[in-house]
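These are my notebook entries on a single model. I list what I looked up, entry by entry.

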Amino acid sequence: RKEQEILSCLSAQERRDLCPDRPGLGTPACTVDEGDIVLEIGIGDWTRDREGPVRTDTIAAGDALLRVGLTSSLEVQVGWTAVGRVRERDRALGTVTTRTQTGDVTIALRQNLRNPDGSGFAVAAMPYATLPVGGRPIGAGDWSAGLLLPASVELGGVSLGVTPQIAAAADEDGKGRHLVYGATAGVGFGVTDRVSMAVELAAVRDRDPAGHATELLGRISAGGQVGADSQWDVGANIGLNEASTDAQVYLGFVQRF
């Protein structure tokens, strides 16, 4: 029995540090270890956008991401938004429209190419596809696919990360696809042993046939670990130009099994 307890303790000590996707704009290069399961839940997410006299408020709940380690460096992901509510108010017309729908399903593979625990210099490749199972405007109305190439480096107590991306995204009218490309860069640091923060900037070029635009977003986020296998997070996005969503705030939770 004592030998089993010792082996159990050694196994727990060798387990990787929790490395969640939430709450950043970018994507980590680390992967879930073989046999581990990580569930990431967006408990609440509110987005506000204003274009002329029209203000749009979007509230999403149950934004779930399931990550499963297939090998020591490869994981599979399935993401889905359980419910979203969009409220549009047009001050010029005096009208208010509200729609509630579920979101699309995204399936992805993340193959780490160096340091799957995220230590030192880490890099990965992550192809993904989105299936149009949700209803508009929460769902995109057509399938899409893309590739992320996250990379990070740890320098003392600071982590620098960058995530280039390219995608065939669904058109605004839900009938076809167009090119989207860009990158996210950020810096993360520990405030205490259990609390970390990150500041990020994202620039994305969207070549939708309805109108080309470059979105610039800034994000500040914080995560607090509760034990070795769970984390609470909170954060906010700010649009840095007219083509970007004005503001977004969110709260989430991560649990490893």
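**Entry 1: Asn 115.** I began with Asn 115, which counts as partly exposed because its relative accessible area is 27%; partly exposed lies between buried (under 20% relative accessible area) and exposed (over 50%), with a 1.4 Å probe and protein chains only. I noted that Asn 115 has a positive phi of about 55° although it is not a glycine. Most residues other than glycine have a negative phi, and most peptide bonds are trans. Asn 115 sits in the loop between β5 and β6; helices (H or I, at least four residues) and strands (E, at least two) are DSSP runs, numbered from the N terminus.

**Entry 2: basis of the values.** I recorded that the model is predicted, that local features need pLDDT of at least 70 and side-chain atom pairs count only at pLDDT 80 or more, while totals for chains, interfaces and linings use all residues. Residues are numbered from 1 along each chain as its sequence is written, and side-chain values use heavy atoms, with hydrogens and water left out.

**Entry 3: cis peptide bonds.** I looked up the bond from Arg 22 to Pro 23 and found it cis, with omega near 0°. Pro 23 belongs to the loop between α1 and β1. Arg 136 and Pro 137 are also joined by a cis peptide bond, with omega about 10°. I placed Pro 137 in the loop between β6 (121-131) and β7 (144-148).

**Entry 4: the disulfide.** How many disulfides does the rule (a pair of cysteine sulfur atoms within 2.5 Å) give? The count is one. Cys 19 is joined to Cys 30, S to S 1.9 Å. Both cysteines lie in the loop between α1 (2-14) and β1, eleven residues apart. The link of Cys 19 and Cys 30 is left-handed, with -90° about the S-S bond. Cys 19 is partly exposed at 25% relative accessibility, whereas Cys 30 is buried at 2%.

**Entry 5: Asp 104.** I then turned to Asp 104, in the loop between β4 (95-101) and β5 (105-114). The side chain of Asp 104 does reach the backbone nitrogen of Gly 134 at 2.9 Å. A polar atom of that side chain also lies 2.7 Å from the backbone nitrogen of Ala 140. Not counting residues up to four places away in sequence, Asp 104 touches (heavy atoms within 4.5 Å) several residues, including Trp 80, Thr 130, Pro 132 and Gly 139.

**Entry 6: strand β14.** I traced the pairing of β14 (two strands pair if DSSP finds at least two bridges between them). Strand β1 (residues 37-51) and β14 (residues 247-256) pair in the antiparallel sense over ten bridges. Strand β13 (residues 230-239) runs antiparallel to β14 and is joined to it by nine bridges. Gly 252 of β14 is the bridge partner of Gly 42, and Asp 233 also stands opposite Gly 252.

**Entry 7: Phe 189.** Leaving aside neighbours within four places in sequence, Phe 189 is in contact with Gly 157, Ser 196 and Met 197. Phe 189 and Glu 154 are 35 residues apart in sequence and 9.7 Å apart in space, C-alpha to C-alpha.

Notes
A polar contact is a pair of N or O atoms within 3.5 Å; within protein, one must be able to donate a hydrogen and the other to accept it, and residues adjacent in sequence count only if both atoms are side-chain atoms. A disulfide is a pair of cysteine sulfur atoms within 2.5 Å.
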